[in-house]
Amino acid sequence: MSLPHAILTALLEKPSSGLELTRRFDRSIGYFWSATHQQIYRELGKLEQAGHIRALPSRAPARGQKKEYEVLPAGRAELAEWVRRSEDPKPIRDALLLRLRAAAVVGTEGLEAELRRHLALHEAQLAEYLGMEQRQFPPERNAEADRLRHLVLRGGIELERFWTAWLTEALAALDGTGRHPADC
């Protein structure tokens, strides 16, 4: 249910075409809520049909010209209602955690390389998030919208810090030292 709300949020920030939305998902929203090009276009159709968005009139009619969408009052109301709703946290579903559990039964062959690969990916993502934070959120950017966007990024930073620490601990447990990074 959250993809339509992610799209409404993005369109309220800036009216966009489906292609522009896809690019914006790749650069920002996609870090915490991913969607394919096809999913975005399918959802745009549903949102338009529900009266939550509309295609802006084009300046010069042309075949194949991209539609740019904006949020209508009904879409803004739906998004505001969604923000107010209660929702329980979702259980974690992570294949790497399941692999670790399975390794306890079938053996750890190949697991160290996969843990190291994941560690490198999370370290790279953490570095990217820290760079984004430095570029996009200087101390003088303190409006409420900036603080909320920064808070989302901080959540991503803290998740990546968790994963890098946990993967370091998992590698230590796998090599038999069992030393927790905090003990070092």
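**Helix packing and nonpolar cores**

The crossing of α1 and α4 is left-handed, that is, the near helix is turned anticlockwise from the far one by less than a right angle. The model is predicted, and local features need pLDDT of at least 70, side-chain atom pairs count only at pLDDT 80 or more, and totals for chains, interfaces and linings use all residues. Residues are numbered from 1 along each chain as its sequence is written, and side-chain values use heavy atoms, with hydrogens and water left out.

The axes of α1 and helix α4 (residues 73-84) come within 10 Å and cross at roughly 120°. Axes are lines fitted to C-alpha atoms, for helices over the stretch in contact, with angles from 0 to 180 degrees between N-to-C directions. On the α1 side, the contact (heavy atoms within 4.5 Å) is made by Ser2, His5, Leu8, Thr9 and Leu12, and on the α4 side by Gly75, Arg76, Glu78, Leu79 and Trp82. Helices (H or I, at least four residues) and strands (E, at least two) are DSSP runs, numbered from the N terminus.

The largest nonpolar core has 17 residues, of which Ile7, Leu11, Leu21, Phe25, Ile40, Leu44 and Ile53 touch the most other members. Such a core is a set of buried Ala, Val, Leu, Ile, Met, Phe, Trp, Tyr and Cys residues joined through side-chain atoms within 4.5 Å. Two or more residues each are given to this core by α1 (2-13), α2 (18-27), α3 (37-49) and β3 (68-71). The largest share, 6 residues, comes from α1.

In α2, the buried residues (under 20% relative accessible area; exposed is over 50%, partly exposed in between; 1.4 Å probe, protein chains only) are Gly18, Glu20, Leu21, Thr22, Arg24 and Phe25. These residues pack against α1, β1 (16-17), α3 and β3. Beyond its neighbours within four places in sequence, Phe25 is in contact with Leu3, Ala6, Ile7, Gly30, Tyr31, Trp33, Ala35 and Ile40.

A second, separate core of 10 residues includes Leu96, Ala103, Leu119 and Leu171. Leu119 lies in helix α6 (residues 111-136) and counts as buried at 11% relative accessibility. Not counting residues up to four places away in sequence, Leu119 touches Thr164, Leu167, Thr168 and Leu171. Leu119 and Leu171 are 52 residues apart along the chain, and their C-alpha atoms are separated by 9.4 Å.
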